[in-house]
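Let's take a friendly tour of a protein model together. Have a look at the sequence and the structure, and then read on.

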Amino acid sequence: MNGLQTLVLNADYRPLSYHPLSLWTWKDAISALLLERVNLVESYDSVVRSPSVEYKVPSVVALKRYVTFNGRPAFTRYNIYLRDDFSCQYCGDRFVAKELTFDHVMPRSRGGLTEWSNVVAACSPCNLYKANRTPIEADMPLIQDALEPSVRRLNQAARRVPPSDVHHSWLDYLYWDSELLL
Ligand SMILES: [Zn+2]
């Protein structure tokens, strides 16, 4: 039971975040319930007992107060793939994450920075072919400009990519706005 996790929804019953999926340990979820910060939405069959009370272990909880995010997205390889819709920004083909690489549009060896505006998803053949050249030199224009995405846009993209290993009680809250993928 120690490995059980609780899906955390915002007050609108959408996950707080899709990637990484917003999860708490069940102990944190029970603490938040006792502090009346969250509503219980779904439970596991497991029960925890204190001397006087017993609780079903929560599998889904929802915050009582809506949380908004105005921060900037983390600059990670996975978030670059999300922004670029898992497609090579040179040939346009889609890939699974493990088949993608990331490419410095202006090569690093020529002063290109590792930042949102200069790093894009690329398949290995395109990456190798482009090598140490700019898109103009290689005649490989970008499909779309590389820009820093909003957290909201990344969340929308992540919603289309189901994580593995989700509990069945979470499914109703994960993919309600897209075709069911599982
Ligand atoms: Zn490609």
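## Overall build

Keep in mind that this is a predicted model. The secondary structure of the protein consists of 6 helices and 6 strands.

How far does the C-alpha trace span along its principal axes? The answer is about 75 × 30 × 30 Å. The radius of gyration is 21 Å, while a compact globule of 182 residues would come out near 16 Å. Of the 182 residues, 21% count as buried.

## Two domains

The protein is divided into two domains. Domain 1 is put together from two stretches, 5-70 and 161-174, and domain 2 covers 77-149. Taken over C-alpha atoms, the centres of domain 1 and domain 2 lie 37 Å apart.

Among contacts between residues at least 6 apart in sequence, 56% join residues at least 24 apart.

## The nonpolar cores

The largest nonpolar core holds 14 residues, and the members that touch the most others are Tyr81, Cys88, Val120, Ala121, Ala122, Cys123 and Cys126. Which elements each supply at least two residues of this core? They are helix H2 (77-83) and strand E6 (119-123). The largest share, 5 residues, comes from E6.

Leaving aside neighbours within four places in sequence, Cys88 is in contact with Asp93, Phe95, Ala121, Ala122, Cys123 and Cys126. There is also a second, separate core of 13 residues, and among its members are Trp26, Ala32, Trp170 and Leu174.

## A closer look at Asp139

Now find Asp139, in the loop between helix H4 (135-138) and helix H5 (151-158). Is Asp139 buried or exposed? Asp139 has 8 C-beta neighbours inside 10 Å, so Asp139 counts as exposed.

Asp139 also lets you compare distance along the chain with distance in space. Asp139 and Tyr90 are 49 residues apart in sequence, and their C-alpha atoms are 9.8 Å apart in space.

How values were computed:
Residues numbered from 1 in each chain as written. Predicted model: local features only at pLDDT ≥ 70, side-chain atom pairs only at ≥ 80, totals over all residues. Core = buried A, V, L, I, M, F, W, Y, C linked by C-beta atoms within 7 Å. Buried ≥ 20, exposed ≤ 12 C-beta atoms within 10 Å, placed from the backbone. Helix = DSSP H or I, 4+ residues; strand = E, 2+ residues; numbered from the N terminus. Contact = placed C-beta atoms within 7 Å. Rg over C-alpha atoms; globule rule 2.2 N^0.38 Å. Domains from an automatic or database assignment.
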